[in-house]
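Here are my notes on the model, as numbered points. Please read them beside the coordinates.

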Amino acid sequence: HDDAGLDLYSAENFVLKPRGWRVKYVAMWDNDAEGKKEFAKAQGFFGEREAKKFLLLPSENLRKKSFILQDLFAGGDLKMIKQELGIPTNTAFERTILMLYFSDKRKEILGKISDNTKKAIKHVYTKINELYQGSQNS
């Protein structure tokens, strides 16, 4: 999304750096109109071989046409995370996740998220692992 500052240029950096460092990676885009557009650009820029390491954010609900990272979190989970971190309720999603990642309370907070959120995140990790395993064979 534009507000996150992620465009093709930064996608190039996110892909070129791991490739240059020979780090194993998978690149993922939101599964909405903007994400699909950037995903297609990256596929064209990096080519078919590298694109095997790319995916759109998967959703368990196959009928859902648009799915973004925030959608992984069940209703009250983001609110609870913000409360636990002591940050304003209007804090942007990206900043909230970064603050959670670097928080000393991360493990405790993640233990409080709902089963729906855990299930959604597990589904994404499963798809990432499937793609990662498949891309290692090419």
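1. I start with E38, which is buried at a relative accessible area of 7%. Buried here means under 20% relative accessible area, exposed over 50%, and partly exposed in between (1.4 Å probe, protein chains only). K41 is partly exposed, at 38%. The side chains of E38 and K41 form a salt bridge, 3.4 Å from N to O. The term requires a side-chain nitrogen of Lys or Arg within 4 Å of a carboxyl oxygen of Asp or Glu. Because E38 and K41 are 3 residues apart in helix α2 (residues 33-51), about one helical turn separates them.

2. On provenance, this is a predicted model, in which local features need pLDDT of at least 70 and side-chain atom pairs count only at pLDDT 80 or more, while totals for chains, interfaces and linings use all residues. Residues are numbered from 1 along each chain as its sequence is written, and side-chain values use heavy atoms, with hydrogens and water left out. Helices (H or I, at least four residues) and strands (E, at least two) are DSSP runs, numbered from the N terminus.

3. How many salt bridges does a search of the whole structure find? The search finds 6.

4. K112 lies in the loop between α5 and α6 and E84 in helix α3, so the pair ties together parts that are 28 residues apart in sequence. K112 is partly exposed, with a relative accessible area of 41%. E84, K105, E108 and K112 are linked in a network of salt bridges.

5. The largest nonpolar core has 17 residues, and those with the most contacts inside it are L72, F73, I81, L85 and I109. Such a core is a set of buried Ala, Val, Leu, Ile, Met, Phe, Trp, Tyr and Cys residues joined through side-chain atoms within 4.5 Å. Two or more residues come from each of α3 (75-85), α4 (93-101) and α6 (115-136). Helix α3 gives the most, with 4 residues. A second, separate core of 8 residues includes W29, F39, F46 and F54. In soluble globular proteins, nonpolar side chains tend to be buried together.

6. Which residues does I109 touch, not counting residues up to four places away in sequence? They are M80, I81, E84, L85 and L100, where contact means heavy atoms within 4.5 Å.

7. Helices α3 and α4 pack at an angle of about 55°, with their axes 10 Å apart. Axes are lines fitted to C-alpha atoms, for helices over the stretch in contact, and angles run from 0 to 180 degrees between N-to-C directions. That makes α3 oblique to α4, since angles under 35 degrees count as roughly parallel, over 145 as roughly antiparallel, 65 to 115 as roughly perpendicular and the rest as oblique. At this packing, L78, I81, K82 and L85 in α3 meet F93, T96, M99 and L100 in α4.
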